[in-house]
Amino acid sequence: MVTAISYDPRQNLNLRKDHGIVVVEEIEGLIKVYNNGHIERPPIVPNVPPNSLSHVTSKDVIFHNPTNLWSRIYLPTNNNPSKKLPLLIYFHGGGFSVGSAAWKCYHDFLSTLASKIGVVIMSVNYRLAPENRLPAAYDDGFHAITWLKNQAMVNSKEQNWWSSKCNFSNMFISGDSAGANIAYHVAIRLNSYNNNNNNIKPLCLKGVILIQPFFGGESRTQSEKYSVQPPYSALNLSASDTYWRIALPVGSNRDHPWCKPRLSSMKLPSVLMCISEMDILKDRNLEMCGVLGDAGIKVEKHVYKGVGHAFHILHNSPLSQPRTQDMMSHLKAFIYNQ
């Protein structure tokens with residue numbers, strides 16, 4: 001089900017040169033988009049299979065047969081077996097165009113998170129841009145919710161290994177970077193469709209956790225213009241612009257509501273916002289906290305000092321691990337206090 005992404009950089013090299021096939025979009029080391037539609041994603045992060053450890057079990061499951069979409073489910077095994085656990089739906093980052101629920105950095109982070117805070121986690125593998133531009137990822141997130149509703153209702157033997165331990169009425173949606181953008185838009189769609197939780201029962205959305213959410217706009221913020229990115233930050237302004245060109249509908253700019261949300265009529269439960277001090281997205285994240293609060297939504301925010309974008313999965317600075325431990329503690333407190 002899960003295979004490593006690989007390519008031979010020598011393949012068709014002469015053909016591209018001789019026939020005018022050129023790279024039209026590129027983020028070095030992550031993705032190349034050619035003018036003939038060919039996409040290359042170098043295996044910069046290894047994919048790893050699910051496994052069973054002393055503290056957590058993980059398995060991959062198909063949740064949408066028409067598109068063969070799958071998710072990785074994590075069940076902590078060090079909790080009281082008679083206690084039902086909260087459910088956390090998680091969307092990985094990668095600018096909508098790279099990344100996988102099988103990436104080792106996400107697998108390691110979510111294995112630890114499930115065990116440390118005591119939650120069942122469904123890590124969603126969604127379709128990537130530019131082959132599948134937005135709103136494909138949002139649609140995939142909603143398919144995941146629909147599948148969860150069915151699991152909660154049918155109690156199938158195949159999924160009983162985790163579903164029997166899960167409190168479906170205590171559900172949270174989360175993600176980091178582009179995954180946090182997906183989590184936000186899925187939550188907005190879910191509450192619009194939900195009509196006071198009636199349409200997704202027995203599921204009940206209790207909170208939204210946004211980790212360095214990837215939003216943008218045509219006008220630059222101060223942190224976008226002037227923040228000097230440390231070598232251990234996973235996002236710079238050029239890459240951010242490229243991700244949006246790849247992901248948004250053709251012809252759109254960064255003022256599109258999927259990039260710069262229209263917040264006048266939103267409805268959300270409580271929101272936890274996790275912000276990195278050295279991130280170019282810091283100002284947008286802080287601004288969104290204010291807007292959400294003005295809309296009457298309860299917002300809890302934490303700014304993690306001295307770290308850049310995606311510090312919690314990269315662990316490539318001296319402060320990464322202690323800040324990640326802090327963030328996990330904040331997630332646990334947020335989930336168990338709703």
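The model is predicted, so a local feature needs pLDDT of at least 70 and a side-chain atom pair counts only at pLDDT 80 or more, while totals for chains, interfaces and linings use all residues. Residues are numbered from 1 along each chain as its sequence is written, and side-chain values use heavy atoms, leaving out hydrogens and water. Helices (H or I, at least four residues) and strands (E, at least two) are DSSP runs, numbered from the N terminus.

- Eight strands make an open sheet with mixed pairing, in the order 4-5-7-6-8-9-10-11; two strands pair if DSSP finds at least two bridges between them.
- Strand 4 and strand 11 (299–304) are at the edges with a single partner strand each, so one side of each has no neighbour in the sheet.
- From one strand to the next, the twist averages 20°.
- Strand 8 and strand 9 (residues 205–211) pair in the parallel sense over six bridges, and Gly175 stands opposite Leu210 in strand 9.
- Helix 2 (residues 104–117) packs on this sheet, touching strand 4, strand 5, strand 6 (85–91), strand 7 and strand 8. Its direction makes about 40° with that of strand 5; axes are lines fitted to C-alpha atoms, for helices over the stretch in contact, and angles run from 0 to 180 degrees between N-to-C directions.
- Helix 8 (residues 282–294) also packs on the sheet, where it touches strand 10 (270–276) and strand 11, at about 160° to the direction of strand 10.

**A closer look at strand 5**

- Eight of the eight residues of strand 5 (residues 69–76) are buried, so the strand is largely enclosed by the rest of the structure. Buried means under 20% relative accessible area, exposed over 50%, and partly exposed in between (1.4 Å probe, protein chains only).
- In a regular strand, side chains alternate between the two faces of the sheet.
- Here, Leu69, Ser71, Ile73 and Leu75 point one way, and Trp70, Arg72, Tyr74 and Pro76 point the other way.
- Strand 5 pairs in the antiparallel sense with strand 4 (residues 56–64) over eight bridges, with Val56 opposite Pro76.
- Four residues lie between the strands in the hairpin of strand 4 and strand 5, where Asn68 takes a positive phi near 60°.
- Strand 5 also pairs in the antiparallel sense with strand 7 (residues 120–125), over five bridges; Trp70 stands opposite Asn125 there.

- Three strands form an open sheet in the order 1-2-3, with antiparallel pairing.
- Strand 1 (23–27) and strand 3 (39–40) are its edges, each with a single partner strand, so one side of each is left without a neighbour in the sheet.
- Four bridges join strand 1 to strand 2 (residues 31–34), and Glu26 stands opposite Lys32 in strand 2.
- Helix 7 (residues 237–247) packs on this sheet and touches strand 1 and strand 2.

**Helix 3**

- At 1.5 Å a residue, the 19 residues of helix 3 (residues 136–154) should span 27 Å, and its end C-alpha atoms are 27 Å apart, which agrees. The expected span is 1.5 Å times one less than the number of residues.
- Just after helix 3, Asn155 takes a positive phi of about 55°.

**Ser177**

- The UniProt annotation "active site", from an unreviewed entry, covers Ser177; such annotations may be inferred rather than shown by experiment.
- Ser177 lies in the loop between strand 8 (166–176) and helix 5 (178–194), and is buried, with a relative accessible area of 8%.
- Beyond residues up to four places away in sequence, Ser177 touches Gly93, Ile211, Gln212, Pro213, Phe214 and His309; contact means heavy atoms within 4.5 Å.

**Aromatic pairs**

- Rings of Phe, Tyr and Trp (its six-membered ring) pair if their centres lie within 6.5 Å; planes under 30 degrees apart count as stacked, over 60 as edge-to-face and the rest as tilted. By this rule there are 13 aromatic pairs.
- Phe172 and Phe334 form an edge-to-face pair, 6.1 Å centre to centre with 65° between the planes. Phe172 is in strand 8 and Phe334 in helix 10 (residues 320–336), 162 residues apart.
- Both Phe172 and Phe334 are buried.
- The rings of Phe214 and Trp244 have centres 4.5 Å apart and planes at 20°, so this pair is stacked.
- Ring pairs link Phe96, Phe214, Tyr243 and Trp244 into a cluster.
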